Amino acid sequence: MVRRTVATLCLVGSLGAGKGESVRDPGACAGACLRPIAFSLDKGFNASERVVIEEAMRVWEHGTGGRVCFAPGGRDLVIEKLDRPDQLQPWDPDWPRHVALTKGGRIWIVAARIDDPGEYRALVVHELGHHLGIGHIEDTAMTYMHSTINDTPRDLWKTAQLPDRDAHAFCAVQQCTCLF
């Protein structure tokens with residue numbers, strides 16, 4: 001009788017196991033970066049631009065609970081600085097409307113068109129989101145992933161924190177089993 005009860009409890013307790021339910025417990029779901037994204041920056045970026053780009057990377061690293069990590073010195077991601085928007089033309093037919101573009105393992109930034117460091121960081125966070133596989137998000141104000149930089153809330157320019165909506169979009173693409 002005891003065996004049957006224990007067996008029944010084990011069976012009932014195992015129902016739903018392995019379904020990959022989303023949980024919010026960081027202790028149960030500590031993020032782990034399985035493979036760092038090895039990046040290189042164009043030599044044309046000045047020191048302050050490099051700092052802002054690395055801050056944008058940290059937004060993704062912290063905002064995903066460590067599931068994303070970047071490591072300097074590689075070619076998984078190459079971030080290039082362009083002087084003029086028309087230099088985007090070979091990769092983007094809508095180049096006059098853009099200040100940056102992500103395609104494959106490359107991000108091109110037309111640095112001459114970005115003046116505010118918070119806006120610059122928001123732009124890089126946005127483009128890194130595309131590199132991570134995230135499309136545009138228009139269902140909330142609190143996202144870096146709007147289709148235009150002008151729609152990114154100024155609060156995000158100041159705080160440099162990944163909104164929940166962007167973290168959830170990352171998890172949808174990466175099929176995370178844990179929420180943040």
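Predicted model: local features only at pLDDT ≥ 70, side-chain atom pairs only at ≥ 80, totals over all residues.
Is tryptophan 60 buried or exposed? Tryptophan 60 has a relative accessible area of 0%, so it is buried.

**Aromatic pairs**

The structure holds three aromatic pairs. Start with phenylalanine 39 and phenylalanine 70. Their ring centres lie 6.5 Å apart and their planes sit at 75 degrees, so this pair is edge-to-face. Phenylalanine 39 belongs to strand E1 (residues 37-41) and phenylalanine 70 to strand E2 (residues 70-72), 31 residues apart. Both phenylalanine 39 and phenylalanine 70 are buried.

Tryptophan 60 is in helix H2 (residues 47-63), while phenylalanine 170 is in helix H5 (residues 164-174), 110 residues apart. Phenylalanine 170 has 4% relative accessibility and counts as buried.

**Salt bridges**

Next, colour by charge. Side chains of opposite charge can pair when their charged atoms come close. The count here is seven salt bridges.

Select glutamate 49 and lysine 81: their side chains form a salt bridge at 3.1 Å, N to O. It links helix H2, which holds glutamate 49, with strand E3, which holds lysine 81, 32 residues apart. Glutamate 49 is buried at 12% relative accessibility.

Move to arginine 35 and aspartate 76, another salt bridge at 3.1 Å, N to O. Both sit in loops: arginine 35 between helix H1 (2-14) and E1, aspartate 76 between E2 and strand E3 (77-82). Arginine 35 is exposed at 57%, and aspartate 76 is partly exposed at 27%.

Finish at aspartate 94 and arginine 97, bridged at 3.5 Å, N to O. Aspartate 94 is partly exposed at 38%; arginine 97 is exposed at 60%.

Key. Residues numbered from 1 in each chain as written. Heavy atoms only, no water. Phe/Tyr/Trp six-rings, centres within 6.5 Å; stacked < 30°, edge-to-face > 60°. Helix = DSSP H or I, 4+ residues; strand = E, 2+ residues; numbered from the N terminus. Buried < 20%, exposed > 50% of the residue type's maximum accessible area, 1.4 Å probe, protein only. Salt bridge = Lys/Arg side-chain N within 4 Å of Asp/Glu carboxyl O.
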